[in-house]
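Trainee: Could you walk me through reading a sheet?
Mentor: Gladly; let's look at one together.

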Amino acid sequence: MNDTEPQLFTRGREAESAAKKIAETLAAAGDHVELHLYLRDGQLAARFVCLPPISEEDGPLLVGGSLLARPAQKRGADVPA
């Protein structure tokens, strides 16, 4: 899955929680997942990568976090040219 329909949430915590659940579900199925969460004004708020488990005993590995403490970036600015 490359792109999905945007979803709007009233709170950032709700958006982050929903995104993490989706990422972990897809990673558990064997997909490498990269999430970008944006504020309504287009500012990148968080970025996560979720890797599939290496073995059946492992779970998906979710890394990343909030980018709000960093200088503002506009949507697409984090995509290499």
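Mentor: We will take the sheet, then its side chains. This is a predicted model, where local features need pLDDT of at least 70, side-chain atom pairs count only at pLDDT 80 or more, and totals for chains, interfaces and linings use all residues. Residues are numbered from 1 along each chain as its sequence is written, and side-chain values use heavy atoms, with hydrogens and water left out.

Trainee: In what order do the three strands lie in the open sheet?
Mentor: Strands are DSSP runs (E, at least two residues), numbered from the N terminus, and two of them pair if DSSP finds at least two bridges between them. Here the order is 1-2-3, with antiparallel pairing. Strand 1 (33-38) and strand 3 (61-66) are at the edges with a single partner strand each, so one side of each has no neighbour in the sheet.

Trainee: How many bridges join strand 1 to strand 2?
Mentor: Six, and strand 2 covers residues 44-51. Leucine 37 sits opposite alanine 46 of strand 2.

Trainee: Which side chains of strand 1 point to which face?
Mentor: In a regular strand, side chains alternate between the two faces of the sheet. In strand 1, Val33, Leu35 and Leu37 point to one face and are buried (under 20% relative accessible area, 1.4 Å probe, protein chains only).

Key:
Helices (H or I, at least four residues) and strands (E, at least two) are DSSP runs, numbered from the N terminus. Buried means under 20% relative accessible area, exposed over 50%, partly exposed in between (1.4 Å probe, protein chains only).
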